[in-house]
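The entries follow the order in which I checked things.

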Amino acid sequence: MRHRVTLIPGDGIGPEVAEAARTVVDATGVVVEWDVQTAGADALAREGTPLPDRVLGSVRRSRTALKGPITTPVGSGFRSVNVALRQELDLFAAVRPARSYPGLPTRHPGVDLVTIRENTEDLYRGIEFERGAPDTDRLRAALLNLAGYRIPDDAGVTVKPISITGTRRVVRYALEYAQRNGRRTVTVGHKANIMKFSDGVFLATALEVAKEYPEVDVREMQVDELAMWLSWEPETLDVLLLPNLYGDIISDLSAGLVGGLGVAPGANLGWEYAVFEPVHGSAPDIAGRGAANPLAMILSAAMMLRHLSERAAAGRVDAAVERVLAAGSPRTPDLGGSAGTMEVAEAIAALVA
Ligand code: NAD
């Protein structure tokens, strides 16, 4: 079967790891018609926006995208392309697995975690009031009136909405993911004792929906305690379900437990569309040198193949990554080796055919 996939190479190391992942996918024999779409800095320079409509149009047609990281332009007035894509396509669940690999020494062997992060609400929604702006003054006046709290004149404000509707769908996704993948425990991270009306909604909704899935053991934990357990005994944790901001932080922490951002894949999923991308950013500090670790992007591509029902090919890619890591080389510098991005990709491609 032929699959149409939008490929967004991205910025910084994005094009390098995108080329690596494309080489591996093509080597599996799965026929993918890649619709390559530029977004980010190049699109901003040429088209005046980092996320032109043609990119969204392509993802809407393909329904599936593989995306490299995109730099968030600082001070250009544009919001993060990554956040905008998730919101425009209503990609409400981010799935970020983190597992230990034999041959990749880390502090904790035996880690096998999946963070499922709500992807559209919370402090990431982008409801921002800039310090000193007229709207911020109006908000300050309203809050003084409504809550009796005087926001300092020199404060900026970010609003944290969390809804039952927004939470329910990601909870269902997480519990069904657990069932489908033979995972027993889902730990809901929150700070509902302090943020009663935002995290409180997340927690109450999760516990309510959990009643419909009695075979999954749903636990709750304050996110600070969760951070402690992750650094202490991460192998005791299984699926983590988190609101947007905590999910962002905890999934990077989880990546650090198993070898770093270079081996942390991810998926952003909604009812209609799916965008697969590594957890890492555009790594401007190493861009253009051919030294970026392509494994996170290759593992994201494996998740994409599974989503496209190409399970056998996905399994071959995962197994090839394991074999290359177990062999100890080739490895990129972040994992202690000296190989280049494409050398690693070609070693994996040779094993997946
Ligand atoms: P980053 O993930 O780009 O880099 C953090 C560190 O990890 C750097 O030292 C980098 O060299 C290293 N690193 C990351 N990926 C690597 C890889 N594949 N191989 C080897 N080393 C790797 O995070 P940052 O520096 O905070 O962000 C840079 C830019 O990326 C920012 O503009 C940020 O907004 C953007 N970003 C984009 C996404 C995305 O597109 N989804 C995600 C995170 C950050």
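**Ground rules.** I am working with a predicted model, in which local features need pLDDT of at least 70 and side-chain atom pairs count only at pLDDT 80 or more, while totals for chains, interfaces and linings use all residues. Residues are numbered from 1 along each chain as its sequence is written, and side-chain values use heavy atoms, with hydrogens and water left out.

**Cores.** I found 84 residues in the largest core, and Leu66, Val95, Ile116, Leu241 and Ile348 have the most contacts inside it. Helix H10, residues 295–307, gives the most to this core, with 9 residues. I note that helices (H or I, at least four residues) and strands (E, at least two) are DSSP runs, numbered from the N terminus.

Which residues does Leu66 touch? Leaving out residues up to four places away in sequence, I list among them Val5, Leu7, Trp34, Phe276 and Met304, where contact means heavy atoms within 4.5 Å. A second, separate core has 15 residues, including Ile8 and Tyr273.

**Pockets.** I took a pocket as an open set of points on a 1 Å grid over the protein atoms alone, where a 1.4 Å probe fits, with protein on both sides within 12 Å along at least five of seven lines; lining residues have an atom within 4 Å of a point. Volume is the space filled by probe spheres set on the points, which are joined across faces, edges and corners.

The largest pocket holds about 840 Å³. It is lined by 32 residues, and Val95, Tyr177, Asn181, Met303 and Arg306 are the closest to its centre. I sorted the lining into 19 nonpolar, 4 polar and 9 charged residues. For this sorting, Ala, Val, Leu, Ile, Met, Phe, Trp, Tyr, Cys and Pro are nonpolar, Asp, Glu, Lys and Arg are charged, and the others, Gly among them, are polar.

The second largest pocket has a volume of about 320 Å³. Its lining has 7 nonpolar, 7 polar and 7 charged residues, and helix H4 (81–88) gives the most to that lining, with 3 residues.

**Aromatic pair.** How many aromatic pairs are in the whole structure? I found 2, counting rings of Phe, Tyr and Trp (its six-membered ring) with centres within 6.5 Å; planes under 30 degrees apart are stacked, over 60 edge-to-face, the rest tilted. Tyr173 and Tyr177 form a tilted pair, 6.2 Å centre to centre with 40° between the planes. They are separated by about one helical turn because they are 4 residues apart in helix H6.

**Single residues.** Is Thr187 buried or exposed? Thr187 counts as buried because its relative accessibility is 3%, and it sits in strand S8, residues 185–190. Thr187 touches Arg219 and Leu241, among others.

Ser309 lies in the loop between H10 and H11 and has a positive phi near 65°. Ser309 is exposed, with a relative accessible area of 60%.

My last entry is a cis peptide bond joining Ser329 and Pro330, with omega about -5°.

Technical notes. A nonpolar core is a set of buried Ala, Val, Leu, Ile, Met, Phe, Trp, Tyr and Cys residues joined through side-chain atoms within 4.5 Å. Buried means under 20% relative accessible area, exposed over 50%, partly exposed in between (1.4 Å probe, protein chains only).
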